[in-house]
Amino acid sequence: MTKRIAMVGTGALGGYVGGYLAHHGHDVTLIDLWPENIEAIRSRGLELDGVTPEEKFTVSNAKTLHFSEVSSLMGQRPVDIAFIAVKSYDTGRVTRAIHPCLAPDGYAVSLQNCMNEEAIASVVGPGRTLGVIASIISVELYEAGRIRRMAAKGGEQHTVFRIGEVDGSRSPRVAELVSLFSLIDSARATTNLVGERWTKLCQNGMRNGIAAATGLTSGGCDRDDFLRRFAIKLGGEAVRVGQALGYRLEKLGELDPERLALASEGDAKALAEIEEIMVKRTASNPRAGIQRPSMAQDMAKGRRTEIEFMNGFIAEKGRQVGVPTPSHVKLVDIVLRVERGELKPSPANFGG
């Protein structure tokens, strides 16, 4: 009997992963808080697209539930794996909703941008909580029931999915998830989940908020000298906070964390190296002209952003360990002002 999988959150990443797993024959139930998204999937299937023709297909075999219907799972076979793929501010309530539906040996998995494993563990228990980090995947829910991937698959060049236990141990559950995610793209186990999660937070903290507050694409932000250097400041501050917390940081894509931190602190040689990598990255992306990170997509749709759980979280951790994070504090303020309608999205918000 195959494992029963619940994807709680069928936005860009949750829909992409859940759709692929269903496409490969797994028992997947897609659950979402946006009614129109579930209705679109029910009526025409979940349409997935990528940068190659082989990545374009429609998933029609996944089960679907509105979030308000989650309690109906109680009378069915229990859920073995519950992926939590909602925005950080919804983590607690959706985890509490799916918890009673878990099998006795079932577990929950954070498939999210920010550091939400602790919030999930507070509901289901630390021993039933795992995390999956998706790196350089660039997926977008551009309309109900339609998701496109803006970046090429990682394959042997780049490991997209990193999967681990919160305590860093190796387990059959991690191996099980690696096998599942390998159906989608490159995947590996990690014994450094917290360090990898912070590394991803550094990456997201450099790009999401700037794009949201300016209305620019990721490529547009990278090509702007002032915004690119502000992003480097964000990245360097986040690296220093992570180091002070004792985390073992990985490379941020092609960016070395220590070189990034030095670049943010005025090292001219390191700055030139980091800027060259960022500019080349944008030039090599065939969809750089339309690619927007998740927070920019949320801002464009009038949705609440995760800025307080991303850059706000970095700033709070920096305060706790005595590492200044003025760029993160500034970014949180700007994004919240744009979110409230006090400012319009524009590069001018940063004064560059």
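This briefing describes a predicted model, covering a pocket, several strands, a helix and some salt bridges. Local features need pLDDT of at least 70 and side-chain atom pairs count only at pLDDT 80 or more, while totals for chains, interfaces and linings use all residues. Residues are numbered from 1 along each chain as its sequence is written, and side-chain values use heavy atoms, with hydrogens and water left out.

Helices (H or I, at least four residues) and strands (E, at least two) are DSSP runs, numbered from the N terminus. Buried means under 20% relative accessible area, exposed over 50%, and partly exposed in between, with a 1.4 Å probe and protein chains only.

**The second largest pocket**

- The second largest pocket has a volume of about 380 Å³.
- Its lining has 18 residues, and the closest to the centre are Met 115, Asn 116, Glu 117, Glu 118 and Phe 313.
- Helix H4 (117-124), helix H6 (193-214) and helix H12 (311-321) are the elements that give two or more residues to this lining.
- The lining residues divide into eleven nonpolar, three polar and four charged. Here Ala, Val, Leu, Ile, Met, Phe, Trp, Tyr, Cys and Pro count as nonpolar, Asp, Glu, Lys and Arg as charged, and the others, Gly among them, as polar.
- A pocket is an open set of points on a 1 Å grid over the protein atoms alone, where a 1.4 Å probe fits, with protein on both sides within 12 Å along at least five of seven lines; lining residues have an atom within 4 Å of a point. Grid points are joined across faces, edges and corners, and the volume is the space filled by probe spheres set on the points.

**Salt bridges**

- A salt bridge is a side-chain nitrogen of Lys or Arg within 4 Å of a carboxyl oxygen of Asp or Glu, and the count by this rule comes to 33.
- Glu 117 forms a salt bridge with Arg 197, with the closest N and O atoms 2.5 Å apart. Glu 117 lies in helix H4 and Arg 197 in helix H6, so the pair ties together parts that are 80 residues apart in sequence.
- Both partners count as buried: Glu 117 has 8% relative accessibility, and Arg 197 has 1%.
- Glu 143 and Arg 146 form a salt bridge whose closest N and O atoms are 2.4 Å apart. Glu 143 is partly exposed at 35% relative accessible area, and Arg 146 is partly exposed at 22%.
- Glu 342 and Arg 337 form a salt bridge with the closest N and O atoms 3.9 Å apart. Glu 342 is partly exposed at 49% relative accessible area, and Arg 337 is partly exposed at 30%.
- Asp 27, Lys 63, Arg 77 and Asp 80 are linked in a network of salt bridges.

- Two strands pair if DSSP finds at least two bridges between them. Strand E3 (residues 46-49) pairs with E10 in the parallel sense over three bridges, and Asp 49 has Arg 148 of E10 as its bridge partner.
- Strand E9 (residues 139-143) runs antiparallel to E10, joined by four bridges. Glu 140 stands opposite Arg 148 in E10.
- The hairpin of E9 and E10 has two residues between the strands, and in it Gly 145 takes a positive phi near 75°.
- Ser 135 sits in the loop between strand E8 (129-134) and E9, and counts as buried at 4% relative accessibility.

- Five of the five residues of strand E1 (residues 4-8) are buried. Arg 4, Ala 6 and Val 8 point one way from E1, and Ile 5 and Met 7 the other way.
- E1 pairs with strand E2 (residues 27-32) in the parallel sense over five bridges, with Ile 5 opposite Val 28 in E2.
- Helix H1 (residues 12-23) has twelve residues and should span 16 Å at 1.5 Å a residue, which agrees with its end C-alpha atoms being 16 Å apart. The expected span is 1.5 Å times one less than the number of residues.
- Eleven of the twelve residues of H1 are buried, including Leu 13, Tyr 16 and Val 17.
- Gly 25, which follows H1, has a positive phi near 95°.
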